[in-house]
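Take a look at this predicted model.

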Amino acid sequence: MAEHPEAAPAQAGDGRPLHTHQDDKPLLEALPLPAEGTFVDPKAKKKAPAGEAGAEPGVDPVVARLREAFPDVSFDPVAATADGCPIVTVPAERWLEVARFLRDDPQLGFDYLSDLCGVDYKDALQVVYQLRGVGHDRRLTVKVNVSKEQPEVPSVVEVWPGAGWHEREAFDMFGVRFSGHPDLRRILMPPWTPDDVFPLRKDFVDRRPKRERKVRPR
């Protein structure tokens with residue numbers, strides 16, 4: 001019997017090897033490649049190229065729309081998250097006006113506040129808002145800076161009612177006062193906490209007496 005040389009793996013028309021079963025029958029035909037320039041990698045949409053992370057999205061439609069509507073507000077510094085979503089900074093005195101526009105403008109439609117938190121930069125405080133919209137996949141991060149001497153930011157409860165709990169937590173932990181909040185009081189700390197105690201500030205000192213460490217006998 002003549003010996004058959006080992007056959008090379010079957011290949012598709014574009015050069016890719018075909019997956020074959022042990023009986024050498026095609027198990028999965030190679031899918032045709034999409035036309036050049038039409039393929040959209042879903043992972044690439046979530047992760048921007050490394051060179052773009054942190055860069056200013058000068059052509060981002062959200063930032064462009066904001067600058068068009070508020071030509072007297074710079075929104076600087078403008079940046080972007082690692083996945084390409086824009087980050088803008090809004091002056092505290094214009095924040096409520098901008099928040100209403102972000103929710104009501106048909107081109108933006110940020111009708112959902114997913115998160116709100118405070119940040120202590122030692123010499124200033126910052127409130128960070130995470131915005132989304134129902135029906136689209138756009139996201140926006142808004143930062144509002146305030147001084148520690150006058151940490152006051154307009155409340156956005158009237159724009160996004162879910163902000164009520166988040167604003168109470170930022171007030172409780174950082175001392176940011178949200179003017180116009182319907183019920184701004186502590187939410188995590190006990191009600192007898194002194195008015196100048198905010199546990200997540202960098203200058204917070206825990207003055208409670210040290211507790212004796214108890215070691216469980218073996």
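## D60: a loop residue

D60 sits in the loop between α1 (42-46) and α2 (61-69). The residue is buried, yet it has no salt bridge. The nearest side chain of opposite charge belongs to R138, 7.7 Å away. A salt bridge needs the charged atoms within 4 Å.

What does the side chain of D60 reach? One of its polar atoms lies 2.8 Å from the backbone nitrogen of V62. Leaving aside neighbours within four places in sequence, D60 is also in contact with G84 and P86.

## D172: a helix residue

D172 belongs to helix α4 (residues 163-174). Is D172 buried or exposed? Its relative accessible area is 0%, so D172 counts as buried.

The side chain of D172 reaches two backbone nitrogens. One is that of L188, at 2.7 Å. The other is that of M189, also at 2.7 Å. Not counting residues up to four places away in sequence, D172 touches R186, I187, L188, M189, V197, F198 and P199.

## F204: after the strand

F204 lies in the segment after β9 (177-179). Its relative accessibility is 32%, so F204 counts as partly exposed. The cut-offs are these: buried is under 20%, exposed is over 50%.

Which residues does F204 touch, not counting those up to four places away in sequence? They are V197, F198 and P199. D172 touches V197, F198 and P199 too.

F204 can also be placed relative to F174. The two are 30 residues apart in sequence. In space, their C-alpha atoms are 9.7 Å apart.

How values were computed. Residues are numbered from 1 along each chain as its sequence is written. This is a predicted model: local features need pLDDT of at least 70, side-chain atom pairs count only at pLDDT 80 or more; totals for chains, interfaces and linings use all residues. Side-chain values use heavy atoms; hydrogens and water are left out. Helices (H or I, at least four residues) and strands (E, at least two) are DSSP runs, numbered from the N terminus. Buried means under 20% relative accessible area, exposed over 50%, partly exposed in between (1.4 Å probe, protein chains only). Contact means heavy atoms within 4.5 Å. A polar contact is a pair of N or O atoms within 3.5 Å; within protein, one must be able to donate a hydrogen and the other to accept it, and residues adjacent in sequence count only if both atoms are side-chain atoms. Lys and Arg count as positive and Asp and Glu as negative; His and the chain ends are not counted.
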